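Please look over the sequence and the model below. The briefing that follows goes through them topic by topic.

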Amino acid sequence: MNYLLPLAGLAVLSGCAGTKKAEQKKPLNIVYIMSDDHAYQMMSCYNPNHIQTPNLDRIAREGVRFTNSFVCNSISGPSRAVLLTGKHSHKNGYTDNAQGARFDGNQQTVQQLLQEGGYQTAMIGKWHLGSTPTHFDYWTILPGQGDYYNPDFITPEGTFRKEGYVTNIITDMSIDWLRHKRDTAKPFCLFVHHKAIHRNWMADTCDLDLYEDKTFELPANFWDDYQGRLAAAKQEMSIDKDMTMIYDLKMLDDDIEDHYRTIYIRENGTQGTYGRMNDAQKAAWDRHYQPIIDDFKKANLSGKELAEWKYQRYMRDYAKVVKSLDDNVGRLLDELEKEGLLENTLVIYDSDQGFYMGEHGWFDKRFMYEESMRTPLIMRLPEGFDRRGDITQLVQNIDYAPTFLDLAGLPIPEDIQGVSLLPLLKGENPKDWRKSLYYHFYEYPAEHAVCRHYGVRTERYKLMHFYNDIDSWELYDLQADPSEMHNLYGQPGTEEITNQLMDELERLQVLYDDPIRHTPEGKRP
């Protein structure tokens, strides 16, 4: 049963064949909005307990919400390479964010295939692939991670700096492209890639005072002791131990130490994430943070009190950045509606991966555990697609490229490893849909010290193998243990399910042709 092979050749809107509604009068457009490190826990259409995201919720309400959407390598650059190619990291050649890593833009990409099929293609915002974009009719990108304030942008004509807040600017550029730069006679695929909500979570000055009266609930496993999970114990992404006072939490003071201080401010206050602000921005920033700094110094916190104070500051700053992102998604939706494009456009919002909001005591991503492997994915569907509500099938970011091609009525190359999501958007329920997902993380040794690992996730179970510097297996029953606190690997009574998952892991590694793989004669219970 080839339930992981591309579903090529499906006619757009074939589920309504024979009706007037199915007559597609003009090609469909695609607007793909990607944020960075947006935890599904911080979108109210997934979790209403923390903050409200009305504009993102609008996309889900007027379309579909995927409840089982995952990435295949939870780190920024590789996720972007997967998006563009529809292939796992080992196949597209961009496995990690190592210094000097460059995406090979000469390989087959979705924007190339769309362009060859008559689509205009545009990329605006965060690129983070070390190379120059290829096969885009228009592109303006941030260098590297980019900056929240007064960011630089790279274009084919050169580099320039734009005054303002990055989320507003990227949205302004996207709206300008829609109004003035596109050929209205052609369909388009517009990639809007935000820097938000990446570390160090710097809010727009107009949002600085938000959420200061809110106390966020501490996750039940915030004080995880990582018993039975060797790799989890080795990481360096603890809010308690690894979140920095100045760079992450903005406690800029001569009496406070921070080994990341020079990233925040250096060279007489003119460089760094804070240093690049103009005088008005700094004044607003200082008005907000100086009283917090003063109160923090007086409190003289330590131990658990300090860790939980860090958590609250982290959550508040993160939530403020989400607020600006949500506002700007609303601006873009309004523009599409105003221009008469909304009903003829597939609007997609997702994140390059998930993120930890204090679960296991962490920030960041990388692990195959749920909070980082799982990502939000919502879509507002064009006219003619009547599906609404939740889509529960297992989907992965290798699926976006074939979906775009399928929507455009273009053939899906056989070497693309993802599956078109179009049948799900048309309300179909394919009996041969995939029942498992493959994951592989490579970036070690590196920041945050998350060991290399690969694994398989089914609807109920997850098996992962940490390798290279350690040799450690973990098994979770996600139904009984959704927080992944109890490693069942090697426990009596788990032999049958472990062997089944080993078989499935090996099958997926062969199917996807991963050169680093677990062999059948390898470790078994």
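Helix 12 (residues 400–407) is mostly covered, with eight of its eight residues buried; buried means under 20% relative accessible area, exposed over 50% and partly exposed in between, with a 1.4 Å probe and protein chains only. Helices (H or I, at least four residues) and strands (E, at least two) are DSSP runs numbered from the N terminus. This is a predicted model, in which local features need pLDDT of at least 70 and side-chain atom pairs count only at pLDDT 80 or more, while totals for chains, interfaces and linings use all residues. Residues are numbered from 1 along each chain as its sequence is written, and side-chain values use heavy atoms, leaving out hydrogens and water.

**Helix 12**

- The buried residues of helix 12 include Tyr 400, Pro 402, Phe 404 and Asp 406.

- Strands of a sheet pair through backbone hydrogen bonds, either parallel or antiparallel.
- Here four strands form an open sheet in the order 13-14-15-16, with antiparallel pairing; two strands pair if DSSP finds at least two bridges between them.
- Strand 13 (436–441) and strand 16 (472–477) are at the edges and have a single partner strand each, so one side of each lacks a neighbour in the sheet.
- From one strand to the next, the twist averages 10°; axes are lines fitted to C-alpha atoms, for helices over the stretch in contact, and angles run from 0 to 180 degrees between N-to-C directions.
- Six bridges join strand 13 to strand 14 (residues 453–458) in the antiparallel sense, and Tyr 438 stands opposite Val 456 in strand 14.
- Helix 14 (residues 495–511) lies across strands 13, 14, 15 and 16, at about 110° to strand 14.

**Nonpolar cores**

- A nonpolar core is a set of buried Ala, Val, Leu, Ile, Met, Phe, Trp, Tyr and Cys residues joined through side-chain atoms within 4.5 Å.
- The largest nonpolar core has 78 residues, of which Met 251 and Tyr 318 touch the most other members.
- Helix 10 gives the largest share of this core, 15 residues.
- A second, separate core of 46 residues includes Ile 30, Trp 139, Tyr 400 and Leu 422.
- Leaving aside neighbours within four places in sequence, Met 251 has contacts (heavy atoms within 4.5 Å) that include Tyr 289, Phe 296, Trp 309 and Arg 313.
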